[in-house]
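I opened this model to look at how its chains meet. My notes follow in the order I looked things up.

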Amino acid sequence: MALNIIVLIKQIIDIDQIRTDPNTGEPVTQGIPFRVENLSKNAIEAAVQLKEKNGGKVTGIIFGTDKANAAMKEAYAMGVDDGIIITGYAGNNPSLTAHVISEKIKSISDYNVIILGNQSADSYTGVLPGLIAGKLSVPILGNAVSIEAEDGKIKIRRALEDKDQIISAPTPCVVSVTQEINQPRLPPVLQIMAAGRKPIKTEQPSLVDIHAGKVLSNLAPKSERRRQIFEDASKGSEEVAKAIRSEIK
Amino acid sequence: MKFLVFSDIGKNVAEIATKLRDLGEVHSFTMKNQRETVLKSGSKRLVLLEGTPFSGNVSGALIGSDLPTYDYVFISSTPLGREVAGLISASTGNTIASEIFDFSIDNDKIKTKRFFFGGKTIMEEENSSKIVTVTPGSFEPSESAETAQEETLALSDSHEKLIEEKDRESSGTNIEAAGIIVSVGRGIGSKEAIEKIMPLVSATRGEIAGSRPVCLDYRWLSEERQVGLSGKKVKPRVYIALGISGQIQHIAGMRGSKIVVAVNKDKDAPIFQECDYGIVGDLFQIVPKIVENLKK
């Protein structure tokens, strides 16, 4: 069964490169590049593997900014067939993101499955899979560590805190993936070059008035640790043992 | 004020209900097999859900339970809870304040705190959201004298079907309650090497725990022992980090510890910025020395 797969890709500021000002605690984001969010790479890999096994095509959607071309090219190089960038992303606001993306998906009538990461690394809200499934009125299979398609159904395996489950739902449905699902491929140079020449559709969002929370502050948490570092293992072990002993009741 | 609280994990309901019960009337919803842990949470009403929970039928049950009469819906951030929050939001049009670890309510506004930029910052926001997802472990549960009025509610059939379910072996440990935690990272090198750490665990009468790679990628320890943004949030009296580099996602899970000890061979490892005592060197040399000193 050939599958029409949609993968949702998030582009984020490279959070590993963000430093916070030691005096003010303010995050310094100026000049820091954007990258494809790690879990989005797992989602792309899962989508492309599903296509390779069942046939069909993968459409990537980014709700981002005009800087998102590089992210989409990376997705192309990994095996995504078509790409749509919706511009106008203006910060973390899951309800608005879900609205924009689900309005776009409604115009792609014959899709079978929407794949996305379960909780992205920057804001960590984790509510987008439910929001999108809710707005499209389709079932949701969450936290997949493997995905299989079989006649009109999607089956996933997932690891919850205390149990492992295999669950299924009829298509179309939403599947959220965890980082354990796969090791995203590193595309060969030829594919990267070919990806650079492939067209990307850029569209305007159907915006609505959904307000995000008003940010009162966004600062590094204060760390009041002593930071007493020993390079002498004997001295260090002695001091550490003393500190531990004072806390053993 | 009237609150609806839901989690598939009873303990998480108790945490949130403890925090909310002084602010108003709490109606708690959880799975029937979680009854014991919620009974004394100070909820006025306890609704026990029967059946196989999926986000579709659970959100349906909550929406069908006079949802508009509640001022706020609090949902614990588990995989099921996050989906339920999304579905309720899509259905009601109310926005979600997500993954919060602290909050205060001022009439129709709620002030929330959550981690941002992968845990590098704390974002404080003022929301008009009526749905809140709460990071498990954010509040300390305590028992209340008030007994809940109990009722059961059958979940409807769902589009999602359970094909197979296997309980994962659980050692019954709860690292969130541990007074001393010895935590290992990738730097431990192998599953077998964890044995070499156990003398320190027994000398401190502590619990062993691990970072995300150790628990999820390599599975050297079970998932219930994972400390971090995506795992357990712990606040022991002493947290001993062995071979843990100190990725911000890990720090977010142990920031509440009273004393942090770090052992790492890389003197530039970020964990040394977040510790009280640090020793630079080979953990397999240093751990026996600490044990020896503890026995003196």
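I started with one strand pairing. Leu219(A) has Ile122(B), in strand 8 of chain B, as its bridge partner. I then looked up the whole pairing. Strand 14 of chain A and strand 8 (residues 121–127) of chain B run antiparallel and are joined by five bridges. I keep in mind that this is a predicted model.

Next I took the interface as a whole. I find 77 residues of chain A in contact with 77 residues of chain B. The two chains bury about 6900 Å² between them, and carbon and sulfur atoms give 55% of that area. On the chain A side, Tyr124(A), Arg225(A) and Glu247(A) supply 11% of the area buried against chain B, more than any other three residues.

I checked the charged pairs. The rule finds five salt bridges across the interface of chain A and chain B. One that I looked up joins the side chains of Glu247(A) and Lys258(B), at 2.7 Å from N to O. For polar contacts, I count 33 residue pairs across the interface of chain A and chain B, both residues at pLDDT 80 or more.

Which element of chain A gives the most to the side that touches chain B? Helix 6 of chain A does, with eleven residues. By class, I note 32 nonpolar, 25 polar and 20 charged residues on that side of chain A.

Last, I turned to helix 4 of chain A. Seven of its nine residues (128–136) are buried, so helix 4 is largely enclosed by the rest of the structure. Among the buried ones are Leu128(A), Pro129(A) and Leu136(A). Just after helix 4, Ser137(A) takes a positive phi of about 55 degrees.

Terms used: Residues numbered from 1 in each chain as written. Chains lettered and ligands numbered in written order. Predicted model: local features only at pLDDT ≥ 70, side-chain atom pairs only at ≥ 80, totals over all residues. Heavy atoms only, no water. Buried < 20%, exposed > 50% of the residue type's maximum accessible area, 1.4 Å probe, protein only. Helix = DSSP H or I, 4+ residues; strand = E, 2+ residues; numbered from the N terminus. Contact = heavy atoms within 4.5 Å. Buried area = accessible area lost by both parts, 1.4 Å probe. Salt bridge = Lys/Arg side-chain N within 4 Å of Asp/Glu carboxyl O. Polar contact = N/O pair within 3.5 Å; in protein donor to acceptor, adjacent residues only side chain to side chain. Nonpolar A, V, L, I, M, F, W, Y, C, P; charged D, E, K, R; others polar. Pairing = 2+ DSSP bridges.
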